[in-house]
Amino acid sequence: MTVATVWPRLEQLLPLVSKPIQYVGGELGGVRKEWETTTVRWALMYPDAYEVGLPNQGVQILYEVLNEQPDVLAERTYAVWPDLEALMREHGVPQFTVDAHRPVRAFDLLGLSFATELGYTNMLTALDLAGIPLLAKDRTDEDPIVLAGGHAAFNPEPIADFLDAAVLGDGEEAVLEVTALVRAWKEEGSPGGRDELLLRLAKTESVYVPRFYDVDYLPDGRIQRVVPNRAGVPFRVHKRTTMDLDQWPYPKKPIVPLAETVHERYAVEIFRGCTRGCRFCQAGMITRPVRERSITTVGQMVKEGLEFSGFSEVGLLSLSSADHSEIGDICSGLAEQYEGTNVSLSLPSTRVDAFNIELAQELSRNGRRTGLTFAPEGGSERIRKVINKMVSEEDLIRTVVTAYTNGWRQVKLYFMCGLPTETDEDVLQIARLAHEVIKAGRAATGSKDIRCTVSIGGFVPKPHTPFQWASMSTPEVIDNRLKLLKQAINSDRSLGRAIGYRYHDGQPSLIEGLLSRGDRRVGAVIRKVWEDGGRFDGWSEHFSYQRWVDAAAAELPTFGVDLDWFTTRERDELEVLPWDHLDSGLDKDWLWQDWQDSMSEFEQDDCRWTPCFDCGVCPSMDTEIQIGPTGRKLLPLTPVGSGNG
Ligand code: SF4
């Protein structure tokens with residue numbers, strides 16, 4: 001069976017929309033395959049605009065891994081802007097892939113990668129445009145299996161009604177296993193239809209199929225229990241972990257965008273996981289244990305990735321890149337190799353220490369300096385203990401001054417607002433810190449030509465972190481604190497002039513909080529927001545707080561709960577959390593203990609340098625841990641090439 005491209009119909013609409021090039025496809029790195037020669041076909045979606053979605057590493061990796069299989073076809077699809085959405089509806093053009101402009105509904109699987117929950121409404125637009133019923137229960141054998149991945153999939157409950165399945169954790173091996181199951185099922189003649197296929201997926205214990213679980217509630221609105229309703233379906237679904245990153249050196253052929261995108265560079269993930277233990281950081285918690293890519297693989301990937309793509313920028317990415325055990329050699333090696341060329345190298349710099357500056361200096365040998373960003377996250381020493389961000393004020397000032405004396409004129413400091421136990425005073429300390437930074441920088445350089453930018457993000461408590469039980473502050477409290485902070489920064493005109501101030505107001509964070517920690521009842525709110533026009537909620541110009549508040553007020557009271565119940569309410573130890581049946585490897589008792597430690601302002605060391613504190617991940621991954629009480633032996637302790645101890 002062949003599938004007709006929608007291109008002739010789409011092409012006529014493109015002159016009428018903004019940035020039509022984003023829908024054209026044909027990029028270097030893109031893959032075109034004949035439909036008929038393939039057995040399993042994936043449409044991969046990053047549910048945001050092309051400019052944000054194309055650079056997404058996760059999608060690029062899975063796209064390449066899948067397309068390397070001769071009988072597998074993977075194509076990409078992104079969220080279309082409202083101008084094209086309206087025209088597609090008017091002219092009956094369905095959601096399409098950008099590679100061969102095939103209708104998404106014709107694929108076997110629609111895999112969505114959610115980096116943030118604010119993409120949920122875009123998923124509904126795509127399903128609706130594709131002609132796929134919004135509710136999983138209404139789908140037939142003619143519809144693709146709609147499967148979610150990415151960090152938000154660690155609590156897919158708010159979108160459970162719209163999903164057929166979710167995969168937790170790393171995708172490289174998982175997509176191939178799902179593909180193998182689908183292939184086998186199709187080759188057998190698709191016995192039992194989609195129900196049988198979903199059952200087979202669920203029985204792997206690493207694919208979550210929401211329809212096979214019933215959620216019971218207590219009269220007060222809390223969850224009583226989540227239990228499988230089909231024989232053979234596991235009580236808990238486990239996350240996937242790709243242990244040896246050297247075996248998976250993707251992307252090898254990065255996609256080079258045709259239209260402008262947020263990043264135009266070759267990005268290499270130098271390690272996955274983080275053991276620093278920042279209590280707010282979901283990425284750090286759910287991606288444990290640390291797994292490094294070896295220096296040789298990193299070097300090879302950079303060489304081949306640049307040769308293939310022609311990019312002139314390389315990003316060495318991870319959650320805390322300066323923590324790679326061979327980072328010094330990686331940076332000096334690459335700097336040497338590309339000295340005198342037009343290739344620039346960058347390291348996202350969040351670690352607050354002089355070493356980070358050394359690395360940045362090394363990478364800027366070509367004369368191109370990337371910005372320096374440090375992330376103390378909390379303004380006061382006290383709140384930094386609460387969040388387990390072990391940075392002293394002295395360290396911060398010393399580090400930033402080192403940057404100034406080494407020629408940087410501008411640094412960025414990143415903080416959060418709305419953290420547990422936070423008071424106005426904690427936030428006002430950010431202004432004092434920024435003043436001290438400028439004063440010390442001026443004294444050390446003898447120049448007034450230095451600046452720092454204070455950037456503030458809103459705290460959102462996330463599942464599978466020690467703060468998963470925390471209450472959120474209301475947007476009013478956050479906005480008032482941010483106003484006070486601004487006044488405090490400008491209270492000294494001379495210093496204030498050298499300080500830039502960027503912040504996000506509290507409203508989107510509260511909604512992100514609803515979607516992050518919500519349960520299945522929140523699905524009705526998402527649907528209502530979407531029906532009322534909600535699109536691109538991650539974009540401030542499209543986000544409407546009132547639309548979410550109104551939808552929550554319309555949908556949640558039926559269940560005896562409301563927006564506050566999901567956001568500003570602190571949970572207690574015994575409460576069944578909506579994601580308790582989804583296993584990130586972290587031990588819930590350890591998370592609770594760490595939450596208690598946070599309230600006592602007790603800091604937890606990084607288990608790279610100290611004995612294991614039993615967060616639960618390594619035993620659940622069956623990883624051999626070799627840590628000495630005094631030695632600085634590095635994770636990962638799986639064989640990922642040279643020099644990893
Ligand atoms: S199990 Fe131990 S060594 Fe492994 S990540 Fe957790 S605390 Fe660290």
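This is a predicted model: local features need pLDDT of at least 70, side-chain atom pairs count only at pLDDT 80 or more; totals for chains, interfaces and linings use all residues.
Student: Which residue follows helix 5, and what is its phi?

Tutor: Gly131 follows helix 5, and its phi is positive, near 85 degrees.

Student: Where are residues other than glycine with a positive phi found, and are they buried or exposed?

Tutor: One of them is Asn388, with phi near 65 degrees. Asn388 lies in the loop between helix 12 (381-387) and helix 13 (393-405), and it is buried because its relative accessible area is 1%. Another is Asp614, with phi near 60 degrees. Asp614 belongs to the loop between helix 21 (588-599) and helix 22 (617-621); with a relative accessible area of 54%, Asp614 is exposed.

Student: Which residues surround the ligand?

Tutor: Asp614 is one of the residues around the ligand, together with Cys607, Cys612, Phe613, Cys615, Gly616, Val617, Cys618 and Pro619. By class, this shell divides into 7 nonpolar residues, 1 polar and 1 charged.

Student: How many disulfides does a search of the whole structure find?

Tutor: A disulfide is a covalent bond between the sulfur atoms of two cysteines. A search of the whole structure finds 0 disulfides. Cys274 illustrates the reasoning: its sulfur is 6.3 Å from the closest cysteine sulfur, that of Cys278, which is too far for a bond. Cys452 is likewise in no disulfide, the nearest cysteine sulfur being that of Cys417, 17 Å away. Cys274 counts as buried, at 9% relative accessibility, and Cys452 counts as buried at 0%.

Student: Which peptide bonds are cis, and where do their prolines lie?

Tutor: The bond from Tyr250 to Pro251 is cis, with omega near 0 degrees. Pro251 is in the loop between strand 9 (237-238) and strand 10 (266-269). The bond from Arg288 to Pro289 is also cis, with omega near 0 degrees, and Pro289 is in the loop between helix 8 (282-286) and strand 12 (291-292).

Student: What lines the second largest pocket?

Tutor: Rolling a probe the size of a water molecule over the atoms shows where empty space is left. In the second largest pocket, that space amounts to about 410 Å³. The lining consists of 20 residues, of which Phe107, Asp108, Asp141, Glu142 and Asp143 lie nearest the centre. The lining divides into 10 nonpolar, 2 polar and 8 charged residues. Helix 6 (172-187) and helix 7 (193-202) each supply at least two of its residues.

Student: How far apart in space are Leu359 and Ala126?

Tutor: From C-alpha to C-alpha, Leu359 and Ala126 are 43 Å apart, and they are 233 residues apart in sequence. Leu359 is found in helix 11 (residues 354-363) and counts as buried, at 3% relative accessibility. Beyond its neighbours within four places in sequence, Leu359 is in contact with Ala322, Ile327, Gly328, Cys331 and Leu347.

Terms used:
Residues are numbered from 1 along each chain as its sequence is written. Side-chain values use heavy atoms; hydrogens and water are left out. On a 1 Å grid over the protein atoms alone, a cavity is a set of points where a 1.4 Å probe fits but cannot get out, and a pocket is an open set with protein on both sides within 12 Å along at least five of seven lines; lining residues have an atom within 4 Å of a point. Grid points are joined across faces, edges and corners, and a volume is the space filled by probe spheres set on the points. Helices (H or I, at least four residues) and strands (E, at least two) are DSSP runs, numbered from the N terminus. Ala, Val, Leu, Ile, Met, Phe, Trp, Tyr, Cys and Pro count as nonpolar, Asp, Glu, Lys and Arg as charged, and the others, Gly among them, as polar. A residue is near a molecule or strand if one of its heavy atoms lies within 4 Å of it. A disulfide is a pair of cysteine sulfur atoms within 2.5 Å. Buried means under 20% relative accessible area, exposed over 50%, partly exposed in between (1.4 Å probe, protein chains only). Contact means heavy atoms within 4.5 Å.
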